[in-house]
Amino acid sequence: MSDQPDKVERWTWTQFPATRLEAARMVIPLACSYAPLSPLPPHLQPFEFDPQQCRTCEAVLNSYCQCDFRSLTWLCPLCGTKNNFPQQYSAINESNLPTELHRESTTVEYVLGNARPLPPPFYLFCIDLCVGSANPQDMEDLRETLLKALNFLPPDAIVGVITFGTAVSVHELRPASDDLPGRVFTLKGSKAYTTQQIAKFLRLNIQGPLLEKEMPKHAPGTVPNTFFARLSDVEMFLTELFEGLEPDPWPVDPHCRQRRCVGAAMSTAVGLCDALFPGSGGRIMLFLSGPCTEGPGLTVDTDLGNVMRGHNDIKGDTPEAKNWTKARTFYDELSSKLVRNGHCVDAFLNALDQVGFAEMRSCVTLTGGTCLLVDSYSNEKFVDAFKKFFRRNADGTFPKVYNARIKVQCSPQWKVAGACGPVTSAKKKSLSVSQDSEMGVGGTCEWIMPSVDDKTHLAFYFEVANTQKTGGFRFVQFTTRYQHCSGSTRLRVTTLCHPISTATRADDFVQCFDQETAAVLMARLASFKAEDGHLFDVLRWLDGHLIKLVAKFAKYERDNPSSLTLAPQLSLFPQFIFHLRRSQFLQVFNSSPDETCFFRLWLDRESPTNALVMIQPALYSYDSSGGPRPCLLDSTSVTPDCILVLDTYFEVVVHYGESIVAWREAGYQNQPNYEYFKRLLEQPVEEAMKIVKARYPQPRFVECDHHGSQARLLYNVINPSKTHQDGDNYGGGGGEIVYTDDASLQTFLDHLKKLAVQ
């Protein structure tokens, strides 16, 4: 019941046809899930020298290169160019190979010595002060959260502070040895600011970025750059600043929302970082407690009579969504500047209602930032997740890296068609780029990731380019150049080979199908299409692929649905798609726009194992005979004498059956003769809490009784095999009756068989 580590890469097909025509008949594209920064094996440490690269395609020397030790040359598997080894490789032979040529060294890492030194990552706190007016405890919780962040950061971290409410305040940071008080520069919250305007107003010297050893020298007559400082120098000052934070003093009418200039604060933060840290990685940590009601990025006005926009408002372009397009355009422009400089935004959202995350999603999703959505900063779910946000490796370094660029190079047999995940196109063309199709973010061989960590899994989609059938292998190389938290520039290189199959029988390819990976990567494509497309079109696209896949690889007699059978490697894929169609990634009826963006953000970066739990939740059963036992995600699994644990990834639900509730209310667990029943009540909670504590972001933990109000969390996701429309189910049979108009899995499969055999 705990999260299992995934491989560095997983393919939808472990073998794939040789020609474009045969590949098109496979229905599901050739794609892989790839973790660019998965931990290296202990025996394979980063190399302290620059890599050897092909003189034609710039591919890095790897274990699939053919080497001629007599002439000291190597053949590039990607373009076929013969290259010379440098002098330092003169002693190599078959029994004395460098590490990068060992067959198991498919992933290696280099510390580049020719890159310019960069400062440690910066952390800019962007703090919403429109909190605490209704409940003073909210402000106290915010202060405690900020003070914890100071303890989690390394002493050499470069930090800055911006606060905002009705106006934006940029704080000077003074070291303890400086007797001068820190000044505060205040900007209007009703307008956006460019980098040049920020630099002029704050009198910044923007001749170059901060260097690693010292802060920049400023010209005479200008204000020294005291807006950023090393944490070790200003920790006392920041502690006093955070402890003294007070709610925004601007008066608020009882019938109005607070005036909150989120857009102006974000443009100030982005402009300040653009001026002082161009091309050097860092994070803007946004602590937000409500929607933007003032200035650029306006989500909703201050009148409480005007409600926040919902999905139907956005789709129907109603008056509630009148600010939607303008706000999204504003934040999209900010995200472009963030991506260009390698800066990311983390959103820590504390509100019972929406805060406008859907409008600003590009600033978080495209920069690789984190989003935590809670109702209070004192919530245990947030406290634990916030601590995990600052987790460190065994050597004390942070796993998050910055300013990353990932490049894909392919051998001539195939092309890269696109990627899905927290990536932005670098608009770089090459012979490895597909000219005919795009899947996700395509049309390029290189993508930008302002921030990425060891848990991030990207999806890459490929297209076969061959027109003639030949066997052998296809090769692909992923090169990820990034800024390490120490300031050094590193290059992670992964080289993979993929078998080319010359088989013609469908049965041969079914054995090579990874239905779990295929379901996750198809879900990412569907989520990408659903961002700005119509749900009906996305569902038709999914259904069309499923019908074609079953028609291609199932065994059946034509026009005889009852004869259709699926191989084990394909048998679960239809139910994955069934649950995907009903999931919160596509069905937005019971979710706000902010929640939908939150769900899709994590689907786009989690491993296939975790993402599959999001698509098809896991259900475990406990009863008097023991547990946990995996059981069907079906209404027949809801029985009176069992306890169910439902893991949807974002929520972990413990559901007590009707008889269990009655026995518990009677107090049997307190009687010595019923010790086993007490243990039955404790074990599911213990196992559920293990899942909760191990996961990031931490899921919501819910305990509910049969027919309790929270039981809907279980009934909404299980397959409704018994519904109120089945009159013969009343008074007999096992399982729970679900009140829904949704089709059951069996009905879905019956229609699938009927369409596939036509």
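**Note on cysteines and cavities**

1. The sulfur of Cys-371 lies 9.0 Å from the closest cysteine sulfur, that of Cys-597, which is too far for a bond; a disulfide is taken as a pair of cysteine sulfur atoms within 2.5 Å. Cys-371 is buried, at 0% relative accessible area (buried is under 20%, exposed over 50%, partly exposed in between, with a 1.4 Å probe and protein chains only).

2. This is a predicted model, in which local features need pLDDT of at least 70 and side-chain atom pairs count only at pLDDT 80 or more, while totals for chains, interfaces and linings use all residues. Residues are numbered from 1 along each chain as its sequence is written, and side-chain values use heavy atoms, with hydrogens and water left out.

3. For Cys-67, the closest cysteine sulfur is in Cys-65, 6.1 Å away and too far for a bond. Cys-67 is partly exposed, with a relative accessible area of 26%. Across the whole structure, the search finds 0 disulfides.

4. There are 3 cavities of 30 Å³ or more. A cavity is a set of points on a 1 Å grid over the protein atoms alone where a 1.4 Å probe fits but cannot get out; its volume is the space filled by probe spheres set on the points, which are joined across faces, edges and corners.

5. Residues lining the largest cavity include Leu-372, Phe-382, Phe-598 and Gln-698, lining residues having an atom within 4 Å of a point. Strand 15 (371–374) and helix 9 (380–389) each supply at least two of the lining residues; helices (H or I, at least four residues) and strands (E, at least two) are DSSP runs numbered from the N terminus.

Note on methods: On a 1 Å grid over the protein atoms alone, a cavity is a set of points where a 1.4 Å probe fits but cannot get out, and a pocket is an open set with protein on both sides within 12 Å along at least five of seven lines; lining residues have an atom within 4 Å of a point.
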